[in-house]
Amino acid sequence: MNLTGNKPKVIIAMSELFTMIPKYDERAHLEMARIAEAEGVHGLFVSEHVVMGPSAGAAGRPENHNPRDFVNPGMQDPDMSWPSPLIKLAALGAVTSTIRIMACALIAPLRHPISLAKDLVTLDLLTNGRLTVLPTVSWHDEEYQIMQIPFSERGRRLDEHLEIWETLWRDTPASYDGQYYQFKDAYFSPQPRPGSIKLWFGGEMRAPFLRRVARHADGMMLAAPLDEQQRATLNKTMSEAGRNAADLEVTGWVLPQFDTTDRPADIDRALDQQIPALVSQWCDIVAIKPSCYIDDPADFGSFCRHVARRLETLV
């Protein structure tokens with residue numbers, strides 16, 4: 001946590017950039033990764049859906065919606081492109097050497113926990129310990145129906161994933177006896193270096209979220225900064241688990257404000273209005289979706305440099 005008012009680090013979204021990058025030009029992200037690392041960006045993150053159903057866009061979009069803005073649940077075109085996140089991160093990791101690579105968010109319950117645990121370890125080893133994972137349950141019930149996983153079980157399945165990962169990454173042979181997954185004397189190799197894979201969580205400050213944070217989290221990625229009461233609740237929950245909330249990384253979003261539907265938002269205004277508050281509310285990392293602020297990928301390098309300079313003057 002940023003308890004001393006230090007300049008926050010910046011992580012950059014590499015998903016939902018469809019107003020910057022054509023749908024089938026995924027390789028453009030590789031050059032963006034090289035540029036981001038050269039400009040001192042702290043991390044690159046991707047999000048995902050495995051598959052979408054017709055209701056993904058059932059809510060429609062507001063009449064004044066800017067296509068560069070975030071696409072919220074119910075507003076997503078079912079035909080939106082969602083490349084495989086771990087394969088994409090492996091490619092980003094292959095063309096960089098120091099920048100963190102982040103799966104934010106990874107819908108764990110749609111996969112088997114043992115094979116996913118193996119994929120995560122392999123990716124972390126290949127990138128020399130740079131992987132951060134935000135496992136989540138997501139929101140789209142049709143996605144679960146298509147994958148033949150009961151939507152109502154997604155939270156409990158996530159909890160078992162986390163317990164299984166912890167077991168497999170620590171013990172071999174390993175055994176587990178859960179409601180959904182059971183195995184005995186499983187030899188799992190390779191295992192990650194202790195503490196290498198960082199786990200973040202995002203969500204509302206409800207009991208399941210707090211329980212996962214207290215037991216498993218290295219950090220949190222929040223849709224909105226924590227208010228005073230939420231911070232007190234987090235401190236209490238972590239203390240009861242024998243942990244210190246100050247040890248958590250806290251990431252907040254720099255959100256765009258669009259004046260029109262046909263132009264990007266002003267990054268300077270967003271930074272000026274939000275960075276001091278984010279820092280005061282414990283954020284040591286800020287997340288930025290570049291396509292909210294620029295249209296031309298040729299401007300990406302200068303955008304990263306500009307953000308770095310502005311943070312120097314704001315904090």
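This is a predicted model: local features need pLDDT of at least 70, side-chain atom pairs count only at pLDDT 80 or more; totals for chains, interfaces and linings use all residues.
About 1,500 Å³ of space lies in the largest pocket.

**Exercise 1. Describe the lining of the largest pocket: how many residues line it, and which lie nearest its centre?**

Solution. 
- Step 1. The lining consists of 49 residues.
- Step 2. Nearest the centre of the pocket are Ala105, Thr136, Gly202, Gly203 and Ala223.
- Step 3. Elements that each supply at least two lining residues are strand 2 (43-46), strand 3 (100-107), strand 4 (131-136), helix 5, helix 6 (207-216) and strand 8 (219-222).
- Step 4. Sorted by class, the lining has 29 nonpolar, 12 polar and eight charged residues.

**Exercise 2. Find how helix 3 and helix 5 are placed: at what angle do they pack?**

Solution. 
- Step 1. Helix 3 covers residues 113-126 and helix 5 covers residues 154-168.
- Step 2. The angle between them is about 55°, and their axes are 9 Å apart.
- Step 3. An angle under 35 degrees would count as roughly parallel, and one from 65 to 115 as roughly perpendicular. Helix 3 and helix 5 are therefore oblique to each other.
- Step 4. The crossing of helix 3 with helix 5 is right-handed.
- Step 5. On the helix 3 side, the contact is made by Pro113, Ile114, Leu116, Ala117 and Leu120. They meet His161, Ile164, Trp165 and Leu168 of helix 5.
- Step 6. This contact of helix 3 with helix 5 has eight nonpolar residues, one polar residue and no charged ones.

**Exercise 3. Treat helix 5 and helix 6 in the same way: how far apart are their axes?**

Solution. 
- Step 1. The axes of helix 5 and helix 6 are 12 Å apart, and the packing angle is about 5°.
- Step 2. The cut-off for roughly parallel is an angle under 35 degrees. Helix 5 and helix 6 are therefore roughly parallel to each other.
- Step 3. Helix 5 brings Gly155, Leu158, Asp159, Leu162, Glu163 and Glu166 to the contact, while helix 6 brings Arg211, Arg212, Arg215 and His216.
- Step 4. By class, the contact of helix 5 with helix 6 has six charged, two nonpolar and two polar residues.

**Exercise 4. Turn to helix 6 and helix 7: which residues meet?**

Solution. 
- Step 1. Helix 7 spans residues 228-240, and its axis is 9 Å from that of helix 6.
- Step 2. The two helices pack at about 50°. Helix 6 and helix 7 are therefore oblique to each other.
- Step 3. Their crossing is right-handed.
- Step 4. Leu210, Val213 and Ala214 of helix 6 meet Thr233, Leu234, Thr237 and Met238 of helix 7.
- Step 5. The contact of helix 6 with helix 7 divides into five nonpolar residues, two polar residues and no charged ones.

Definitions and conventions:
Residues are numbered from 1 along each chain as its sequence is written. Side-chain values use heavy atoms; hydrogens and water are left out. Axes are lines fitted to C-alpha atoms, for helices over the stretch in contact, and angles run from 0 to 180 degrees between N-to-C directions. Helices (H or I, at least four residues) and strands (E, at least two) are DSSP runs, numbered from the N terminus. Angles under 35 degrees count as roughly parallel, over 145 as roughly antiparallel, 65 to 115 as roughly perpendicular and the rest as oblique. A crossing is left-handed if the near helix is turned anticlockwise from the far one by less than a right angle, and right-handed if clockwise. Contact means heavy atoms within 4.5 Å. Ala, Val, Leu, Ile, Met, Phe, Trp, Tyr, Cys and Pro count as nonpolar, Asp, Glu, Lys and Arg as charged, and the others, Gly among them, as polar. On a 1 Å grid over the protein atoms alone, a cavity is a set of points where a 1.4 Å probe fits but cannot get out, and a pocket is an open set with protein on both sides within 12 Å along at least five of seven lines; lining residues have an atom within 4 Å of a point. Grid points are joined across faces, edges and corners, and a volume is the space filled by probe spheres set on the points.
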